[in-house]
Amino acid sequence: QGLDLDNFVHTTRKRSTFSAARNITTNAPLIGTIGRITTTKNHRLFLEAAVRVRAKYPDARFVIVGDGEIRAEIEVLVDQLQLREAVIFTGWQRDITQVDSDLDVQVISSINEGTPVTVIEALAAGCPVVATAVGGVPDLLDQGKLGRLVHEQTAAALAQAIVDVIANPPDGTEAQRLMVDRYGIERLVKDLDGLYRGLLA
(Lines give C-alpha, C1' and ligand atoms only; values in the text may rest on other atoms or scores of the structure.)
Protein backbone atom coordinates (compact mmCIF):
# COMPACT_ATOMS: atom_id res chain seq x y z
CA GLN A 1 0.00 0.00 0.00
CA GLY A 2 1.05 3.61 -0.47
CA LEU A 3 0.64 6.25 2.21
CA ASP A 4 -0.07 9.91 1.56
CA LEU A 5 2.91 11.39 3.40
CA ASP A 6 2.83 14.82 1.77
CA ASN A 7 1.46 16.70 4.80
CA PHE A 8 4.02 15.05 7.07
CA VAL A 9 6.96 15.86 4.82
CA HIS A 10 5.93 19.49 4.48
CA THR A 11 5.05 20.15 8.12
CA THR A 12 7.33 22.55 10.00
CA ARG A 13 9.21 21.07 12.94
CA LYS A 14 8.12 22.45 16.31
CA ARG A 15 5.47 24.76 14.94
CA SER A 16 3.81 24.55 18.37
CA THR A 17 0.15 24.40 17.29
CA PHE A 18 -0.44 21.18 19.21
CA SER A 19 1.61 22.25 22.23
CA ALA A 20 0.12 25.73 22.55
CA ALA A 21 -3.42 24.32 22.53
CA ARG A 22 -2.45 22.25 25.60
CA ASN A 23 -0.46 24.93 27.43
CA ILE A 24 2.83 23.08 26.94
CA THR A 25 5.79 25.46 26.85
CA THR A 26 7.98 25.18 23.78
CA ASN A 27 11.16 24.49 25.78
CA ALA A 28 9.65 21.52 27.66
CA PRO A 29 10.64 18.18 26.09
CA LEU A 30 7.52 16.61 24.61
CA ILE A 31 7.36 12.84 24.33
CA GLY A 32 4.37 11.05 22.86
CA THR A 33 2.90 7.73 21.95
CA ILE A 34 0.15 7.31 19.36
CA GLY A 35 -2.26 4.40 19.02
CA ARG A 36 -4.95 2.32 20.66
CA ILE A 37 -4.70 2.06 24.43
CA THR A 38 -4.44 -1.72 24.64
CA THR A 39 -2.28 -4.21 26.53
CA THR A 40 -0.20 -4.88 23.38
CA LYS A 41 0.82 -1.23 23.11
CA ASN A 42 2.24 -1.43 26.65
CA HIS A 43 1.46 2.08 27.88
CA ARG A 44 2.56 0.87 31.32
CA LEU A 45 6.15 0.66 30.07
CA PHE A 46 5.84 4.12 28.47
CA LEU A 47 4.68 5.61 31.78
CA GLU A 48 7.27 3.80 33.90
CA ALA A 49 9.92 5.18 31.53
CA ALA A 50 8.33 8.64 31.87
CA VAL A 51 9.07 8.62 35.61
CA ARG A 52 12.77 8.07 34.85
CA VAL A 53 12.85 10.66 32.04
CA ARG A 54 11.44 13.24 34.47
CA ALA A 55 14.32 12.58 36.85
CA LYS A 56 16.56 13.99 34.10
CA TYR A 57 14.08 16.47 32.58
CA PRO A 58 11.62 17.55 35.33
CA ASP A 59 9.65 19.77 32.93
CA ALA A 60 9.12 16.98 30.35
CA ARG A 61 5.55 16.40 29.20
CA PHE A 62 4.09 13.15 27.87
CA VAL A 63 1.11 12.82 25.55
CA ILE A 64 -0.94 9.69 24.98
CA VAL A 65 -2.77 10.09 21.68
CA GLY A 66 -5.59 7.63 21.04
CA ASP A 67 -8.10 5.70 23.10
CA GLY A 68 -8.96 2.13 23.94
CA GLU A 69 -10.43 -0.42 26.28
CA ILE A 70 -7.86 -0.07 29.06
CA ARG A 71 -7.70 3.74 29.17
CA ALA A 72 -9.28 3.87 32.65
CA GLU A 73 -6.65 1.44 33.93
CA ILE A 74 -3.85 3.54 32.42
CA GLU A 75 -5.34 6.73 33.92
CA VAL A 76 -5.19 5.06 37.35
CA LEU A 77 -1.55 4.13 36.70
CA VAL A 78 -0.75 7.78 35.88
CA ASP A 79 -1.96 8.74 39.36
CA GLN A 80 -0.16 5.83 41.04
CA LEU A 81 3.10 6.96 39.40
CA GLN A 82 2.40 10.59 40.40
CA LEU A 83 2.52 11.72 36.79
CA ARG A 84 -0.80 13.56 36.62
CA GLU A 85 0.74 16.98 36.00
CA ALA A 86 3.05 15.60 33.31
CA VAL A 87 0.73 13.37 31.24
CA ILE A 88 -1.97 14.49 28.81
CA PHE A 89 -4.53 12.14 27.26
CA THR A 90 -5.68 13.70 23.99
CA GLY A 91 -8.03 11.02 22.68
CA TRP A 92 -7.99 10.48 18.92
CA GLN A 93 -6.66 13.42 16.92
CA ARG A 94 -7.78 14.33 13.42
CA ASP A 95 -4.48 15.93 12.42
CA ILE A 96 -1.53 13.77 13.43
CA THR A 97 0.86 16.06 11.53
CA GLN A 98 0.39 18.67 14.29
CA VAL A 99 1.32 16.06 16.88
CA ASP A 100 4.41 14.81 15.03
CA SER A 101 5.51 18.38 14.35
CA ASP A 102 5.72 19.18 18.06
CA LEU A 103 6.98 15.91 19.53
CA ASP A 104 10.66 15.73 20.44
CA VAL A 105 10.33 11.95 20.47
CA GLN A 106 7.62 9.55 19.37
CA VAL A 107 7.74 6.33 21.36
CA ILE A 108 6.56 2.82 20.53
CA SER A 109 6.60 0.75 23.73
CA SER A 110 4.69 -2.21 22.28
CA ILE A 111 5.02 -5.87 23.16
CA ASN A 112 4.41 -6.66 19.47
CA GLU A 113 3.97 -4.66 16.24
CA GLY A 114 3.54 -5.22 12.52
CA THR A 115 4.68 -2.25 10.44
CA PRO A 116 3.39 0.71 12.47
CA VAL A 117 2.13 3.52 10.25
CA THR A 118 2.67 5.96 13.14
CA VAL A 119 6.43 5.38 12.87
CA ILE A 120 6.44 5.94 9.10
CA GLU A 121 4.46 9.18 9.56
CA ALA A 122 6.71 10.39 12.39
CA LEU A 123 9.91 9.85 10.39
CA ALA A 124 8.31 11.46 7.33
CA ALA A 125 7.64 14.51 9.53
CA GLY A 126 11.23 14.56 10.79
CA CYS A 127 10.22 13.43 14.27
CA PRO A 128 12.72 11.10 16.02
CA VAL A 129 11.46 7.66 17.02
CA VAL A 130 12.34 5.42 19.96
CA ALA A 131 10.82 1.95 19.73
CA THR A 132 10.96 -1.46 21.32
CA ALA A 133 12.65 -3.92 18.95
CA VAL A 134 9.57 -6.06 18.30
CA GLY A 135 7.78 -7.47 15.24
CA GLY A 136 8.42 -5.49 12.06
CA VAL A 137 9.90 -2.46 13.82
CA PRO A 138 13.62 -3.36 13.48
CA ASP A 139 13.21 -3.80 9.70
CA LEU A 140 11.24 -0.56 9.45
CA LEU A 141 14.00 1.30 11.30
CA ASP A 142 16.82 -0.39 9.30
CA GLN A 143 18.01 -2.20 12.45
CA GLY A 144 18.38 1.09 14.30
CA LYS A 145 19.84 3.35 11.61
CA LEU A 146 16.62 5.35 11.19
CA GLY A 147 15.45 5.38 14.80
CA ARG A 148 16.45 4.21 18.24
CA LEU A 149 15.71 0.53 18.95
CA VAL A 150 15.32 -0.68 22.52
CA HIS A 151 16.06 -4.39 22.89
CA GLU A 152 15.12 -4.75 26.57
CA GLN A 153 11.50 -4.27 27.59
CA THR A 154 12.49 -2.33 30.70
CA ALA A 155 11.65 1.18 31.85
CA ALA A 156 15.35 1.89 32.40
CA ALA A 157 16.32 0.97 28.83
CA LEU A 158 13.41 2.84 27.24
CA ALA A 159 14.00 5.94 29.38
CA GLN A 160 17.72 5.98 28.58
CA ALA A 161 16.98 5.86 24.84
CA ILE A 162 14.46 8.73 25.15
CA VAL A 163 16.90 10.84 27.19
CA ASP A 164 19.68 10.20 24.65
CA VAL A 165 17.47 11.33 21.76
CA ILE A 166 16.35 14.49 23.60
CA ALA A 167 19.99 15.33 24.39
CA ASN A 168 21.21 14.56 20.86
CA PRO A 169 18.38 14.80 18.32
CA PRO A 170 19.25 12.89 15.14
CA ASP A 171 19.29 14.44 11.69
CA GLY A 172 16.09 12.98 10.25
CA THR A 173 16.71 13.92 6.61
CA GLU A 174 17.70 10.44 5.42
CA ALA A 175 14.91 8.72 7.37
CA GLN A 176 12.39 11.15 5.89
CA ARG A 177 13.60 10.47 2.34
CA LEU A 178 13.53 6.71 2.81
CA MET A 179 9.99 6.72 4.25
CA VAL A 180 8.74 8.60 1.19
CA ASP A 181 10.69 6.33 -1.19
CA ARG A 182 9.50 3.12 0.44
CA TYR A 183 5.99 3.88 1.64
CA GLY A 184 4.79 7.04 -0.13
CA ILE A 185 1.88 6.95 -2.54
CA GLU A 186 4.19 8.03 -5.38
CA ARG A 187 6.10 4.78 -4.96
CA LEU A 188 2.86 2.79 -5.19
CA VAL A 189 1.86 4.64 -8.37
CA LYS A 190 5.30 3.98 -9.89
CA ASP A 191 5.10 0.27 -8.97
CA LEU A 192 1.61 -0.06 -10.48
CA ASP A 193 2.69 1.79 -13.60
CA GLY A 194 5.63 -0.61 -14.01
CA LEU A 195 3.38 -3.59 -13.41
CA TYR A 196 0.80 -2.56 -16.02
CA ARG A 197 3.46 -1.62 -18.57
CA GLY A 198 5.01 -5.05 -18.03
CA LEU A 199 1.67 -6.78 -18.49
CA LEU A 200 0.87 -4.77 -21.61
CA ALA A 201 4.28 -5.58 -23.08
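Visitor: How much space lies in the largest pocket?
Guide: About 220 Å³. Keep in mind that this is a predicted model, where local features need pLDDT of at least 70, side-chain atom pairs count only at pLDDT 80 or more, and totals for chains, interfaces and linings use all residues. Residues are numbered from 1 along each chain as its sequence is written, and side-chain values use heavy atoms, with hydrogens and water left out.

Visitor: What counts as a pocket or a cavity here?
Guide: On a 1 Å grid over the protein atoms alone, a cavity is a set of points where a 1.4 Å probe fits but cannot get out, while a pocket is an open set with protein on both sides within 12 Å along at least five of seven lines; lining residues have an atom within 4 Å of a point. Points are joined across faces, edges and corners, and the volume is the space filled by probe spheres set on them.

Visitor: Which residues lie nearest the centre of the largest pocket?
Guide: K145, L146, G147, R148 and P170, out of 18 lining residues. Helices α8 (155-167) and α9 (173-183) each supply at least two residues of that lining (helices are DSSP runs of H or I, at least four residues, strands are runs of E, at least two, and numbering starts at the N terminus).

Visitor: OK, cavities. How many of 30 Å³ or more?
Guide: There are 2. The largest has a volume of about 50 Å³, and its lining includes K41, H43 and E113. Strands β1 (30-34) and β4 (105-108) are the elements that give two or more residues to that lining.

Visitor: What does K41 form with E113?
Guide: A salt bridge, with the closest N and O atoms 2.7 Å apart. The term means a side-chain nitrogen of Lys or Arg within 4 Å of a carboxyl oxygen of Asp or Glu. K41 sits in the loop between β1 and α3 (43-56) and E113 in the loop between β4 and α6 (117-124), so the pair ties together parts 72 residues apart in sequence.

Visitor: Is E113 buried or exposed?
Guide: Buried, at 11% relative accessibility, whereas K41 is partly exposed at 23%. Buried means under 20% relative accessible area, exposed over 50%, and partly exposed in between (1.4 Å probe, protein chains only).

Visitor: How many salt bridges does the count come to?
Guide: 14. Another one is R182 with D142, at 3.0 Å from N to O. R182 is in helix α9 and D142 in the loop between α7 (137-140) and β6 (148-150), so this pair links parts 40 residues apart in sequence.

Visitor: Which residues do shared partners join into one network?
Guide: D67, R71, E75, D79 and R84.
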